[in-house]
Amino acid sequence: MSNIIRAALVQQKWTGDKESMIANAVEHIRSAASQGAQVLCLQELFYGPYFCQVQDADYYSYTEAIPDGPTTELMQEVAAQNNIVLIVPMYEQEQPGIYYNTAAVIDADGTYLGKYRKNHIPQVKGFWEKFYFKPGNLGYPVFDTAVGRIGVYICYERHFPEGWRALGLAGAKIVFNPSATSRSLSEYLWRLEQPAAAVANEYFVGAINRVGVEPLGDNEFYGQTYFVSPRGQLVGEAASDTEEELVVRDLDLDLLTEVRDTWAFYRDRRPDTYEGLVTP
């Protein structure tokens, strides 16, 4: 029996306002579903500009409650209408003054399954995220969805191998990495880190990036959204580095068993020797 999942990723340009970004994303979701996609992930902080290029409290206004905010509720409706699992990255307000960089996970019937809060928060030029976000406090959850067990890891976190491994140990088959990453800083790493993580942890990775130069700074987001297999090979071509694009690919989950039987990385782990890795 075939064990192929059709999955989708969306890279968007900033349209100028939240409402049109959401409408644009919904249009992409419907298009993906019409092509048979069963699961889709949007880009990091999908409905806004990447406001972390500046430090300005005005952008706290982009926060919403999750799951009780309007965008989560809308996406639950869209998921149910289109029978598609959604990963929806947003700016979460837990309570006034406490904000997280979060992705909501919604099942194909519209059920809210939970959320992942970004654990590793950068504070470097053009990426002033500690001004906006508390570090996540929910660990590295893996979600049981209509397409199987999926995980989420957000942008800057791709530089940290520990979370990738935690998701694999928890049984993730596909890990989505929604991002906002710019050409001058990290483009040369974009085709290295996620394929390496997919190989080391023996699952599929969906790497999502936005495109364009936004009004808040000179960061040029370079797109190149792609899926990569546990062999470290791209599934189809990467998306454009300049244009908005919907990426739809078939992921053969039987490949996971084949790769794990071949390499047996999980068998050969030595956690008894790793204590120093978590010593402050």
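Author: Happy to. Keep in mind that this is a predicted model. Let's begin with contacts: of those in the protein chain between residues at least 6 apart in sequence, 68% join residues at least 24 apart.

Reader: What does the secondary structure of the protein chain come to?

Author: You'll find 5 helices and 15 strands in the protein chain. The C-alpha trace spans about 50 × 50 × 35 Å along its principal axes.

Reader: And how much of the chain is buried?

Author: Buried residues account for 55% of the 280. As for the accessible surface, that comes to about 11,700 Å², with 51% belonging to carbon and sulfur atoms.

Reader: Which residues does the UniProt domain annotation cover?

Author: The unreviewed UniProt entry annotates "CN hydrolase" over residues 5–253. Over that stretch the chain is 23% helix and 31% strand, and its end C-alpha atoms lie 7 Å apart.

Reader: Which residues make the nonpolar surface patch?

Author: Look at Tyr-274, Leu-277 and Val-278, which make a patch of about 330 Å². Tyr-274 sits in the segment after helix H5 (254–263).

Reader: Why does Tyr-274 count as partly exposed?

Author: Partly exposed covers the range between the buried cut-off, under 20% relative accessible area, and the exposed one, over 50%. Tyr-274 has 31% relative accessibility, so it counts as partly exposed.

Definitions and conventions
Residues are numbered from 1 along each chain as its sequence is written. This is a predicted model: local features need pLDDT of at least 70, side-chain atom pairs count only at pLDDT 80 or more; totals for chains, interfaces and linings use all residues. Side-chain values use heavy atoms; hydrogens and water are left out. UniProt positions are given in the numbering used here, feature names are shortened, and annotations may be inferred rather than shown by experiment. Helices (H or I, at least four residues) and strands (E, at least two) are DSSP runs, numbered from the N terminus. Patches are made of residues with over 30% relative accessible area and no salt bridge: like charges are joined within 9 Å, nonpolar side chains (Val, Leu, Ile, Met, Phe, Trp, Tyr) within 5 Å. Accessible areas come from the Shrake-Rupley method with a 1.4 Å probe; for residues, only the protein chains shown count as cover. A salt bridge is a side-chain nitrogen of Lys or Arg within 4 Å of a carboxyl oxygen of Asp or Glu. Buried means under 20% relative accessible area, exposed over 50%, partly exposed in between (1.4 Å probe, protein chains only). Contact means heavy atoms within 4.5 Å.
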